[in-house]
Amino acid sequence: MAGTAAQPCGNRSLYVLTMLLLGILGAAAIVCAAEMLLENTRMLAVSAYRLPPPDGQTQKNRRIVQISDLHHKRFGMHQYRLIAEVQKLSPDYIVITGDLVSRDMTDFAETADLLSALRKIAPIVMSLGNHELDLPEAVFRDLMALLRRMDVVVLDDAWKEIDGMRFAGLTLTPRHYKNGDSYRGLSDCTEADIRHILGEAKTGTILLAHNPLFFAAYAEWGAAVVLSGHVHGGVIRLPLAGGLLSPERKFFPKYDKGFFRAANGAMMVVSGGLGKLRLWNPPELCVMDFAADGQEIPHFPRNLYKNHRRIFRHSTGNAKDMADA
Ligand SMILES: [Fe+2]
């Protein structure tokens, strides 16, 4: 009798537990959906790094703003939100580390609006990403013509020194990104490959390389600072674990986003990028401040963001901490 009397009570407990679990899962799904909506429509994070100067470029403080992986993303009409943020940061240089457009784009009107505004702020230097490489030939030519009209310095396996800062841009090949329909058997990139393409590294080279996967080779080649993107921060970022997925469909990629340092002292900043769908990983502008010898970099202007707490986030790194990392 006691056994049969306990049955409804056990069922009720199971029912309550199931409902509780469903409630928690439902609430988590709503939170994730709300965060995703907000991140992908309203947010623009600014991550700021204070770095020691690349050797031999120590005459004055410099600020680089990095734009990466914009793809189809639109920050307001004619990209006005993105332009306004870059303007507020008053950079000395704007670098674009590839995937400014997506491989299926043919109309670059918005790209032209963005570049024509950015060029008034600072000189623009750009390296190419896999999406530029994948454009049909005629469309690629159109894009290059636009970049030339907008005075963008395109470093397609090339060098450029601008006002004392030495930039190199490495393009790589489509086979470094995809092998037909597969992500297996991708080409490697070694120090010797880079030397063959760009020649010997020069003192204080800032290497713009869309793909951060080959950081060891970039460092061995002699890059002082590498600016990279491509991984989109791992698309979804998990607490402690970081970015979930790489474009090569690998889980938890090593170089997902943020600051990295090689054993020989080479530094790399990987931008989380601006475009494509993402979660717990808002679109990101990166700002690199290089202090001149004996000079202090003014603190990053936190109050710039006081009215935009939800929209803008930033982290600062101390130049000494970075040097000691
Ligand atoms: Fe990419």
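Me: Which residue is the bridge partner of Arg-261 in strand 13?

Reply: That's Met-267. Keep in mind that this is a predicted model.

Me: OK, and how do strand 12 and strand 13 run, parallel or antiparallel?

Reply: Antiparallel, with 4 bridges joining strand 12 (residues 258–261) to strand 13. The two form a hairpin with 5 residues between them. Gly-265 sits in the turn and has a positive phi of about 100°.

Me: What about strand 9 and strand 13, parallel or antiparallel?

Reply: Those run parallel, and 4 bridges join them too; strand 9 covers residues 225–228. Within that pairing, Ser-228 stands opposite Val-270.

Me: Which way do the residues of strand 13 point?

Reply: Met-267 and Val-269 go one way, Met-268 and Val-270 the other. In a regular strand, side chains alternate between the two faces of the sheet. Here the residues on both sides of strand 13 are buried.

Me: Switching topics: which residues of helix 2 are buried?

Reply: Leu-82, Ile-83, Glu-85, Val-86 and Leu-89, in a helix spanning 80–89. Looking down the axis, they fall within an arc of 160°, so they line one face of the helix.

Me: Now Pro-123. Where is it?

Reply: Pro-123 is in the loop between helix 3 and strand 4 (124–127).

Me: Why does Pro-123 count as partly exposed?

Reply: Because it has 19 other C-beta atoms within 10 Å, and a residue needs 20 or more to be buried.

Me: What is Pro-123 in contact with?

Reply: Tyr-93, Val-153 and Ile-162, leaving aside neighbours within four places in sequence. Its C-alpha is also 8.0 Å from that of Asp-151, 28 residues apart along the chain.

Me: Last one: how many helices and strands does the chain have?

Reply: 8 helices and 14 strands. Of the 325 residues, 38% count as buried.

How values were computed: Residues numbered from 1 in each chain as written. Predicted model: local features only at pLDDT ≥ 70, side-chain atom pairs only at ≥ 80, totals over all residues. Buried ≥ 20, exposed ≤ 12 C-beta atoms within 10 Å, placed from the backbone. Arc of directions from axis to C-beta. Contact = placed C-beta atoms within 7 Å. Pairing = 2+ DSSP bridges.
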